[in-house]
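Here is a short briefing for a first look at this structure.

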Amino acid sequence: MGSIDPDFDDCPDLTKSAPTLLQEFQTRLDEALELTPSQAADYDPAALISQIEPFQDAPQLIDPILEKSVTGVCRALLEDRRPWQFRVLYVLVKIRGAKTVCRFLFNEVPLVQKILGFAEACDATNSSWEERYIILLWLSGLALTPFNLDTVGENVPDRLFEVSQKYLGAAGREREAASTSLARFISRPDTLSIYLPKFIDSSSGADDSAESSKQSIFWTLGTVSSMAQIFAICQAHDLKPYIQPLSQLLQTLKKNPEAASNTQLRKLLCKATYRLALRALEVSESEVPTAVEVCLDELLTKSLADKDTLVRYSASKAFSRVALAMTKIDSDGIFVSEIIDSLLLSSFPLNKAMGDSKTADRWHGGLLALAELLRRHVLPLPAYAPQLFDKIDSGLRFEIRKSTHALGANVRDSACYVAWSLFRHYPDLLSSTSTAAPTQKLVKGVLADLVLVGCFDREINNRRAAAAAVQECIGRHAGAVASLETGVALVQALDYFAIGNRANAFLEVSRRIAKLGIASAGGGEMVEFLLNGAVTSWDIEVRKLAGQAIAGLAKDTETELETIETVLVIAERAAGGGTIDEQHGSLFTLGELLSVVDSSTDLSQTVLPRVVQLLENLKFPPHVAMTLYDGALRVISASASRLQTDAEVPPIFYSILDNALSRTDDNAQTKVLHASARAATADFSPSQVNVLEWLSFAKAGKFGYMLALGSLRFEIPEQVIADICRIAASSERQYGVALRVASVDTLHSLLDAKKALVAQKYKSEIFWSLVYALQDYTILPTRGDVGSQTRLASISALTAHAETLCADQTTTATAEAATACVANLIRISLEKMDKLRLRAVACLSALLPHAASLVPSAAALLAIIAQKTDQDATSSSAKEYYTRMINLCVCAETVFAQAAITGIAASVGGGTGESVVRASSEAIVQFMTCTDDDEVDDKRRRFVENVVALFVQKPAVVANPADGTKPTPPKRDFELCEVVVLLFETGSMATYASSSMYVSIYNKAARLLQLATKANSIPRLESLIGLFSGIVEATGVGSKVREAAVRKLVSLLIGDMRRVRQPAAEALFLLLSSGAENDIQPDDETEEESGGIDELLTSTDWASVSEPAMLKDAEEKILKALLG
């Protein structure tokens, strides 16, 4: 039988796969239901449940098998009750819902006593909570039986009442089923008059009860839930005699001290209170009952201002339903007007500036209540139109600023909900001739505010809510607020997906709408709205988007200079004592505006002097300096482009740039700051920049200056480029990794189209520097492989400028650089880091077509890597990737084959993640053991020869003109050791290796053993144990080499490195068990003693053995057993 994929719940094709999966589930369930009693007792439904749980995201898909599954389990349960059956039923309830599943639970009257007996037999010790929950849920359905319960069985009503009350205080989901069962039972016509008083009496006496269960929050939750359901089921005339005691009971339950901290309880209390009020109104003739007054008072003073949204939303619906019910007894509308006035007075405090979160909660609850009133058409319009539109307008602009966040997003969302409800449920809003004009003006004002929120609100849900309200307004009142053509264009602009992206909403949608000419929503109004809000937002990204949007809108309306004047005033005022958000926002906006002013406009005498003075007045406190520098650099970038070529740069510009470029923190903020500084220096002329001084600053560790050198648009001196190339190709001993990465990025910039002359003159030096950067494997103890940043930067530069670097197809230097580059990229493409593998393959795909005549076998290499290069270099499909790329290890060019082997060895033995180790190892095993043919056999032979040749050679030394020599990392030999061990394990060495290879492998392993022992490296010693074992087991190995390898294993067993003794003992035991002695046969006496040696190796705790005599004796016995 098939199995479901473990990640199937994330599968987008669930709908297509549903029939097959459901059939599989039904088949498994049928098999489980047919188990014998002894088999069913031990049955684990985990596999069965795992088949159906993925449907929680699409519960309707299980409907075709739901009835059959539920009835089948119920039938088996009634015959032979087992815990797993309740687990399956609960999972079905969890997926499809209790109401749906309950329809298929058997409801025959004779079952009442049996299920009731099940419930009475359950307790916390002999049943699971799923069992108790399903039984009580089943009982809640049987409580609706249409026959008098007294006729069903003896004491059935009393028993059902007691069982339901027993679990009313349970902490689990049993409480939900118990409250439903109790409510349905009490609400029956034959039990209401008897058991409702009992319920009230037992619940009211909870405070005096000695039972701790009746004092818990869970018991209160269950009781209130039951009451809310009773009020919903019972008719008002049936409840009339009990309204007063029920109201008193609710007031008692509200005194529970834990209610203040329990959201669910406060919601249920709100629901029960308003349902009781509705029943009281139904039996009232003219006066407002006390229960209604109490309900409205609590809703207005507490629930609508609750700290939790769930309670506020529930309260808003309760308030509107009570108001709607009051219209039936309030023919004059006096009562309804009074409660609406109370709502408007109590829920909308004017102290927003206090920054109190309770203020936001009150506004949110009040607006939700208004929206619900409008949905039910309770709010009288146009009488309340001015107040309503005022609240909508204030709600759409509501925000209480905090230091690192702001309150009010939910208030703006609810204001959109009010507007949506108004436009949707009052289609005749503008039809009255007497009130059409003033109301039309109000509607247009709200429409403009909704457009502004739809374009510029920080939260995506608010933008979309505003767009939905605009759509309702245009769709139902288009002729009154805008022409049909304009209205349709507005709705199309505020597209659901278009405004889903914040940047697109700010920068594109807003400019599109501004051109429509909608009243109060034009470019000028949008700029004013942004200046009063988003420009000073607490979110730096919103401030930047606001600045960019203002610049675009000002350019469209040709009001750049007027807007600059306004922003300058704001910035000057902020610099004198404003918040950091105000200073940064105004500075960034000013920079954006300066950048869009026409280049022919002279600002040197008007704006620039004020800009310089503004920057001089700024203070940069350490804790916020990064933020302010970002805004100041944007101003400098826009201002520098307007300086004359020979004009003197203001000293404040140099001062701010120096502070920004001197930062050496390796974090995201510093990178953003350096990027801003690079943009600010791009327009400097040769007379305004001391390039040599900047280079000296960079060498001193201020790598921001190195990045700035790459942004300069003029040609920099030859010596500077040579120094940059030297730094890019340097080792860790000379320069830090941050400076090396910056130098590589600078070389990337120098190869841009605007640096064509530079690229032509220094292309070879730059090419070699990028190649050497690919060999940066600097590792820091606290940060790991930081050299990967340099390799990644180099790969990006090579990918972008592959054609330029390989343009000269005639010189030997270019061919050598291209060949070395390809070799390094091949190595990286098979190494352990997913991101680098992907980028290296992409780089090879870009480079090889341009280097076809420079790189030998370029076409063959491209054919190997050209397949699926965009996806399968990641670890999610690493096995397929390595299976294809391993062909590089047997390519015709030795330099490329060795590079590929070095790379895959790093993945196999580099201590990487398990998935990469497994994928690369499996690729090698599959390559060496797949179907035989002559071509494959030749590739395997070459693979073995290449691996062995690379393993036994001395560490390679690569000539590097930048710093002399750069040796291959020492760990390479141990990584290759893991590959050789794999070849021994697959039997490939016995097939393809010669006797001379074994001698070379042993000699290299012996040298590595000395290094690993000195380094006290346990993983490397364990790897060598596998290698020596492979030499001993392999056929064709000379007796001297085999004997030497055995002695090395025994020396590890009895040596001082206690942590490797056990792996050595296991290896020796396997050698003895497999008869690995081959050519060296033990004599009869040794063979008789082999059983004792096996026991010695397996039963001894070698890590704790310290007696020299015992170790010496073990050595002699093992050597005698293996060598004779």
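Leaving aside neighbours within four places in sequence, R266 is in contact with A259, A260, S261, D306, K307, D308 and V311. R266 lies in helix α15, residues 263-282. The model is predicted.

- R266 counts as buried, at 11% relative accessibility.
- From R266 to L137 the C-alpha atoms are 24 Å apart in space, and the two residues are 129 apart in sequence.
- E372 sits in helix α19.
- E372 is buried too, because its relative accessible area is 0% and the cut-off for buried is under 20%.
- Beyond its neighbours within four places in sequence, E372 is in contact with Y313, S316, K317, S320 and Y417.

**An exposed proline**

- P427 lies in the loop between α21 (409-425) and α22 (436-456).
- Is P427 buried or exposed? P427 is exposed, with a relative accessible area of 53%.
- P427 and G172 are 255 residues apart in sequence. Their C-alpha atoms are 47 Å apart in space.

**Helix α33**

- Helix α33 covers residues 668-681, which makes 14 residues.
- At 1.5 Å a residue, α33 should span 20 Å. The C-alpha atoms at its ends are 20 Å apart, which agrees.
- Which residues of α33 are buried? They are T670, L673, H674, S676, A677, A680 and T681.

**Aromatic pairs**

- How many aromatic pairs are there? The count comes to 21.
- One of the pairs is Y90 with Y133, and it is edge-to-face. The ring centres are 5.9 Å apart, with 80° between the planes.
- Y90 is in helix α5 (residues 83-96) and Y133 is in helix α8 (residues 129-142). The pair therefore ties together parts that are 43 residues apart in sequence.
- Y90 counts as buried, at 12% relative accessibility. Y133 counts as buried, at 2%.
- W363 and F398 form a tilted pair, because their ring centres are 5.4 Å apart and their planes meet at 45°.
- W363 lies in helix α19 (residues 357-375). F398 lies in the loop between α20 (385-396) and β1 (400-401).
- The W363 and F398 pair thus ties together parts that are 35 residues apart in sequence.
- W363 counts as buried, at 3% relative accessibility. F398 is buried, with a relative accessible area of 0%.
- Ring pairs also link Y90, W129 and Y133 into a cluster.

**Charges over rings**

- The charged end of R81 sits over the ring of F118. The distance to the ring centre is 4.6 Å.
- R791 lies over the face of Y777. Here the distance to the ring centre is 4.1 Å.

**Cysteines**

- A disulfide is a covalent bond between the sulfur atoms of two cysteines.
- How many disulfides does a search of the whole structure find? It finds 0.
- The cut-off for a disulfide is 2.5 Å.
- C725 is in no disulfide either. The nearest cysteine sulfur is that of C821, 15 Å away.
- C102 counts as partly exposed, at 22% relative accessibility.
- C725 counts as buried, at 6% relative accessibility.

Key
Residues numbered from 1 in each chain as written. Predicted model: local features only at pLDDT ≥ 70, side-chain atom pairs only at ≥ 80, totals over all residues. Heavy atoms only, no water. Buried < 20%, exposed > 50% of the residue type's maximum accessible area, 1.4 Å probe, protein only. Phe/Tyr/Trp six-rings, centres within 6.5 Å; stacked < 30°, edge-to-face > 60°. Helix = DSSP H or I, 4+ residues; strand = E, 2+ residues; numbered from the N terminus. Lys NZ or Arg CZ within 6 Å of the ring centre and 35° of its normal. Expected span 1.5 Å × (residues − 1). Contact = heavy atoms within 4.5 Å.
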